[in-house]
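Please open the model in your viewer and keep the sequence panel beside it. The tour below moves from one selection to the next and says what is found at each stop.

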Amino acid sequence: MKRRPLLLGTIAAAVAAVLWAKPKDRGENHSPYFEDMSTALDTRGQAKPTLVIDRSRLLANVATLRKHLQGRFDYRVVVKSLPSLPLLQEIMAAADTQRLMLFHQPFINRVAAQVPAADVLLGKPMPVAAAANFYREFEGGAFDPARQLRWLLDTPRRAQQYAALAAELQQPMRACIEIDVGLHRGGVQNDADLIALLDIIGNSPWLSFAGFMGYEPHIAKVPGDPIGHRDKAMASYAHYIEVAQSHLGADWPGDVLLNAGGSPTYQYYNEGEFPFNELAAGSCLVKPTDFDLPSLADHRPASYIATPVLKTMDAVQIPGINLGPLQGWWNPNQARSFFTYGGWWKARPESPAGLVNNALYGRSTNQEMLNGSRNIDLEADDWIFLRPTQSEFVFLQFGDIAVYENGRITDSWPVFTESSA
Ligand SMILES: Cc1ncc(COP(=O)(O)O)c(C=O)c1O
């Protein structure tokens, strides 16, 4: 009988498969980079969840962006992705630009009050009541909304609403038109609507047409060849320019603003001729994890959430489920538990390496459990670092940003708040 060798072979294969599937120990202690950041936070007396920006890396990312633009396009800073005035001012100085893209009415008022030289384009169409609120709250000063602010209009209906508001306030307003170049998130989708919008703007003594905004992040994200997607989006952009130029004739603005781009796509325009004249980008300067894309390989992460460890346990204990040491044996990355000060942010654990959330235990915004291997020597009061998945909402959750440079926290940058105080 040859049965026994066959059986033994099957068992050996099954054991090998199980051992192969057993997770590897990914635990490591902080690298010198995060050791130094921990020391800097301790020296500063920091002891709560903190958003840290590495200033040198931020400035290196600005230099990378400028190297790609090579002065061929103007650069507009996407404010929602970098929602702090001193952070914006740092970037505007380093990038030598006054151009800002804004997405939130209270922040437009803040910028108008505190950045009098700003050149503002709205990144999304606002309810006309929000525009009315802007003018009501605008306190005057050197910022001239008639010249320095461009609202974004997407439909004939909205254009009519803005024309009525401008007439009521007797306020000249500049307006850009949102065009759909393939993202399908609104904006003009056909020639008739574009012409209708241009006519409403043209017939208003208070509105003036200032240009287009055509955002195209889909070219980096949908399956297929991004260059093909780019060329299709640009053909659509060029088409709308042509339609507007032939409709407006001599009324086509000499200083027309033709905006495109975003962090995921701006490097697709390194070479070639394109119909727009400025690119917007923000997130790539701090690089949250959603921007770990091949098209941003030369940008480095520059923002972290640092949070103190409150408690540690040399086990993973889940109420009602007692797997004992078995769990740690099977997955060495689930041998220890660390409870952090706060948690459940839109973020991923970064350092020490190998930390994971525990789906069985669940998430917490108060004291979050993370598990890690016995190779991780974290104790209470040490720091854990996470990388935000996005910047825009996450940056607003921690109060002032801690600015890290050369092993020290050198500055503290307030973020935008909803209240105008
Ligand atoms: C209109 C517009 N332009 C540009 C961007 C790019 O922003 P970021 O570079 O932060 O991705 C966005 C982001 O949502 C956007 O809505």
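How many bridges join strand E7 (residues 207-214) to strand E8 (residues 257-260), and do the two run parallel or antiparallel? Four bridges join them, and the two strands run parallel; here strands (E, at least two residues) and helices (H or I, at least four residues) are DSSP runs, numbered from the N terminus, and two strands are said to pair if DSSP finds at least two bridges between them. Within this pair, select Met 213, which stands opposite Asn 259 in E8.

Before going further, please note that this is a predicted model, in which local features need pLDDT of at least 70 and side-chain atom pairs count only at pLDDT 80 or more, while totals for chains, interfaces and linings use all residues. Residues are numbered from 1 along each chain as its sequence is written.

**The whole chain**

Zoom out to the complete chain, which holds 12 helices and 17 strands and whose C-alpha atoms fill a box of roughly 90 × 65 × 40 Å along the principal axes. Of its 421 residues, 40% are buried, a residue being buried if 20 or more other C-beta atoms (placed from the backbone) lie within 10 Å of its own, exposed if 12 or fewer do, and partly exposed in between. Among contacts between residues at least 6 apart in sequence, 72% join residues at least 24 apart, where a contact requires C-beta atoms, placed from the backbone, within 7 Å.

**The barrel**

Now select strands E2 to E9 in turn: the eight strands form a closed barrel in the order E2-E3-E4-E5-E6-E7-E8-E9, with parallel pairing. The twist averages 30° from one strand to the next, with axes fitted as lines to C-alpha atoms (for helices over the stretch in contact) and angles running from 0 to 180 degrees between N-to-C directions.

Colour E5 (149-153) next. Five of its five residues are buried, so E5 is largely enclosed by the rest of the structure. Leu 149, Trp 151 and Leu 153 point one way from E5, whereas Arg 150 and Leu 152 point the other way.

Helix H5 (residues 105-114) lies across strand E3 (99-102) and strand E4 (119-122), and runs at about 155° to E3.

In the loop between helix H9 (191-203) and E7, pick out Pro 205, which counts as exposed because it has 10 C-beta neighbours inside 10 Å. The C-alpha atoms of Pro 205 and Pro 172 are separated by 8.0 Å, although these residues are 33 apart along the chain.

**The ligand**

The surrounding residues include Val 78, Met 101, Tyr 215, Ser 263 and Cys 284. The shell divides into six nonpolar, six polar and no charged residues; Ala, Val, Leu, Ile, Met, Phe, Trp, Tyr, Cys and Pro count as nonpolar, Asp, Glu, Lys and Arg as charged, and the others, Gly among them, as polar.

The contact takes 11 residues from domain 1 and 15 residues from domain 2. On the side of domain 1 that touches domain 2, strand E16 (residues 401-405) gives the largest share, four residues, and that side has seven nonpolar, two polar and two charged residues.

Select Asp 381 in the loop between strand E14 (367-372) and strand E15 (383-388): Asp 381 has a positive phi of about 80° although it is not a glycine, and it is exposed, with 12 other C-beta atoms within 10 Å.

Finish at Pro 352, in the loop between strand E12 (347-351) and strand E13 (356-357), where the peptide bond from Ser 351 to Pro 352 is cis, with omega near 0°.

Note on methods:
A residue is near a molecule or strand if its C-beta atom, placed from the backbone, lies within 6 Å of it. Two residues are in contact if their C-beta atoms, placed from the backbone, lie within 7 Å.
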